[in-house]
Amino acid sequence: IRPPLPSFQTAIAEQQRDEALSHVKALTEKLEQMKMSGNNGCPPNYRPCDLRGMPLAKLKSIQAKLREEIEEVEIVLYQETANKCMKCEEKNRSVTLVPCNHYVVCDTCATTQRECPYCQTPVTPKA
Ligand SMILES: [Zn+2]
Ligand SMILES: [Zn+2]
């Protein structure tokens, strides 16, 4: 078994996180802009009473816009999840488990894990 490459994987994880963060920032700015320019596009919030009676074309454009936003959120969510510890989902992954070599937990959870949360292989405690 070859030794893991934590520095390489960490670099990739960090890059992914940076990309995800800048994406979230851009998305937030876009949402702010949409709120500001309330009346030329969609209403700031989509309550059913606001939507009822709207022309179909407008409803469809709102639907398309929301779909786009959901897609963006899903992409960011996916990227963020890929970086987060599988155990606590709060800290970033930072430890490669031995012997299965899965890079799935943070340093805090790594000390308490008896088995890999991904493949259930018993973890060899660090000496
Ligand atoms: Zn954790
Ligand atoms: Zn594993």
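In the UniProt record, an unreviewed entry, residues 85-120 carry the annotation "domain: RING-type". The structure described is a predicted model.

The protein chain as a whole contains 4 helices and 2 strands. Along the sequence these elements are arranged in the order α-α-α-β-β-α. Of the 127 residues in the protein chain, 7% are classed as buried. Among contacts in the protein chain with a separation of 6 or more, 34% are formed by residues 24 or more positions apart.

The protein chain has a mean pLDDT of 83, with 80% of its residues at 70 or more. Among its elements, the lowest mean pLDDT belongs to α1, at 74, and the highest to β2, at 96. The stretch formed by residues 38-43 has pLDDT below 50, and in the model it makes 6 contacts beyond near neighbours in sequence.

The nonpolar interior was examined next. In soluble globular proteins, nonpolar side chains tend to be buried together. The largest nonpolar core of this model comprises 7 residues, namely Cys85, Val95, Leu97, Val104, Val105, Cys109 and Ala110. Two or more residues of this core are contributed by each of β2 (103-105) and α4 (107-112). Ala110, one of the core residues, is in contact with Val95, Leu97 and Val105 when neighbours within four places in sequence are left aside.

Met86 is placed in the loop between α3 and β1. This residue is partly exposed, because 17 other C-beta atoms lie within 10 Å, whereas a buried residue requires 20 or more. With neighbours within four places in sequence excluded, Met86 is in contact with Val104, Val105, Pro117 and Tyr118. Two of these partners, Val104 and Val105, are also listed in the largest nonpolar core. For the pair Met86 and Pro117, 31 residues apart in sequence, the C-alpha to C-alpha distance is 6.8 Å.

Ala20 is located in helix α1, which covers residues 6-36. Apart from neighbours within four places in sequence, the contacts of Ala20 are with Val76, Gln79 and Glu80. The C-alpha atom of Ala20 is separated by 8.5 Å from that of Leu77, although the two residues are 57 residues apart along the chain. Asp18 also lies in helix α1. Asp18 is exposed, because 10 other C-beta atoms are found within 10 Å and the exposed class extends to 12 or fewer. Asp18 and Glu80 are 62 residues apart along the chain, and their C-alpha atoms are separated by 9.9 Å.

Most residues other than glycine have a negative phi, and most peptide bonds are trans. In this model, a cis peptide bond with omega of about 10 degrees joins Val98 and Pro99. Pro99 belongs to the loop between β1 (95-96) and β2. Glu89, which is not a glycine, has a positive phi of about 55 degrees. Gln120 lies in the segment after α4 and counts as exposed, because 9 C-beta neighbours are found inside 10 Å.

Notes: Residues are numbered from 1 along each chain as its sequence is written. Chains are lettered from A and ligands numbered from 1 in the order in which they are written. UniProt positions are given in the numbering used here, feature names are shortened, and annotations may be inferred rather than shown by experiment. A nonpolar core is a set of buried Ala, Val, Leu, Ile, Met, Phe, Trp, Tyr and Cys residues joined through C-beta atoms within 7 Å. Two residues are in contact if their C-beta atoms, placed from the backbone, lie within 7 Å. pLDDT is the predictor's confidence in each residue, from 0 to 100.
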